[in-house]
Amino acid sequence: MHKFNIVIFSGAGLSAESGIPTFRDSGGLWEQHRIEDVASPEGWKRDPLLVLNFYGMRFQKQKECQPNPAHLAIARLSERHSVVNITQNIDTLLERAGCTDVWHLHGRIDLQKCEEHHSLAFPSSYDSFTCDHRSRIDRPIALGDLCPKCGGQLRPDIVWFGEPVDMREAELERLVRNADVFIGVGTSAQVYPAAGMLSIFRNTPERYFVDPHPNYDVLQGFHVKQGSASVELPKIVAALLSE
Ligand code: NAD
């Protein structure tokens with residue numbers, strides 16, 4: 001059987017049915033907070049305790065959530081084909097479903113890094129992410145938790161608005177060159193540069209997109225499945241596994 005190279009680009013909608021709300025669907029507020037208060041360097045400077053409490057809650061909440069049928073379908077697909085996940089999500093539900101190749105464009109909720117070295121490039125292997133200024137967290141970060149290397153305050157390893165996204169150009173070029181199938185799921189495709197992925201993969205032979213509210217303006221040439229990730233993604237996966 002032919003092994004496909006498959007790239008799956010996901011947004012917050014992938015995890016919505018696991019109980020992690022998207023923020024665009026809740027009127028631009030992220031769990032009742034203005035995004036600029038909890039996801040920007042200015043917000044961090046203004047009120048670090050609010051920001052730490054916010055991500056502490058997100059950390060605890062995602063530990064209680066379980067992968068949904070869409071995450072599990074992606075993991076099943078990875079057993080047969082070469083699947084790379086590029087995700088805007090900071091949760092780790094793809095990994096918990098069994099996916100091993102996950103590139104988190106916006107960081108991960110279970111990592112912390114030193115505020116002095118916040119633009120540190122993201123590690124390509126998550127097995128080796130404990131470096132000098134970054135480590136895994138096992139409890140919410142508190143004010144006064146300091147980087148063992150340089151003494152800076154620890155903060156979540158999340159890419160906030162105005163901070164650079166780790167785009168890894170060379171790796172992306174290789175993925176674009178080799179992709180047989182591209183699947184976009186659960187993203188409003190509004191937040192750049194991540195949203196540009198849909199056009200970056202425009203020459204991939206087979207392209208799918210799953211979302212209850214697809215943004216048709218950016219989906220020319222896609223097989224659009226209007227619906228929820230947990231219903232539509234397993235259908236696409238079943239079809240790919242039967243090819
Ligand atoms: P977004 O802009 O990608 O919009 C969410 C999309 O999900 C919308 O298009 C919506 O129609 C779709 N959606 C809603 N329910 C769905 C379902 N059941 N199945 C499939 N699609 C569904 O994402 P956002 O909420 O605006 O968040 C932007 C950024 O905020 C993210 O990129 C991320 O960095 C952060 N965020 C992360 C998480 C997470 O890690 N799970 C959750 C919220 C926000």
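These legends go with a few close-up views of a predicted model. Local features here need pLDDT of at least 70 and side-chain atom pairs count only at pLDDT 80 or more, while totals for chains, interfaces and linings use all residues. Residues are numbered from 1 along each chain as its sequence is written, and side-chain values use heavy atoms, with hydrogens and water left out.

**View 1. W44 and W160 form a tilted aromatic pair.** A search of the whole structure turns up six aromatic pairs; rings of Phe, Tyr and Trp (its six-membered ring) pair if their centres lie within 6.5 Å, with planes under 30 degrees apart called stacked, over 60 edge-to-face and the rest tilted. In this pair the rings are 5.8 Å centre to centre, with 45 degrees between the planes. W44 lies in helix 3 (residues 41–46) and W160 in the loop between strand 8 (154–158) and helix 7 (169–178), so the pair ties together parts that are 116 residues apart in sequence. Helices (H or I, at least four residues) and strands (E, at least two) are DSSP runs, numbered from the N terminus. W44 is buried at a relative accessible area of 8%, and W160 is buried at 2%; buried means under 20% relative accessible area (1.4 Å probe, protein chains only).

**View 2. F54 and Y55 meet edge-to-face.** Their ring centres are 4.9 Å apart and their planes stand at 90 degrees, so this pair gets the edge-to-face label. Both F54 and Y55 are buried. Ring pairs link W44, F54, Y55 and W160 into a cluster.

**View 3. Two arginines put their charged ends over rings of the cluster.** R58 has its charged end over the ring of F54, 4.6 Å from the ring centre. R155 does likewise over the ring of W160, at 3.7 Å from its centre. For a charge to sit over a ring, NZ of Lys or CZ of Arg must be within 6 Å of the ring centre and within 35 degrees of the ring normal.

**View 4. Three strands make an open antiparallel sheet in the order 7-6-8.** Strand 7 (134–136) and strand 8 are the edge strands, each pairing on one side only; two strands pair if DSSP finds at least two bridges between them. Strand 6 (residues 107–114) and strand 8 pair in the antiparallel sense over five bridges, and C114 stands opposite L154 in strand 8. Helix 4 (residues 48–64) packs on the sheet, touching strand 6 and strand 8, where contact means heavy atoms within 4.5 Å.

Notes: Buried < 20%, exposed > 50% of the residue type's maximum accessible area, 1.4 Å probe, protein only. Axes fitted to C-alpha atoms, helices over the stretch in contact; angles between N-to-C directions.
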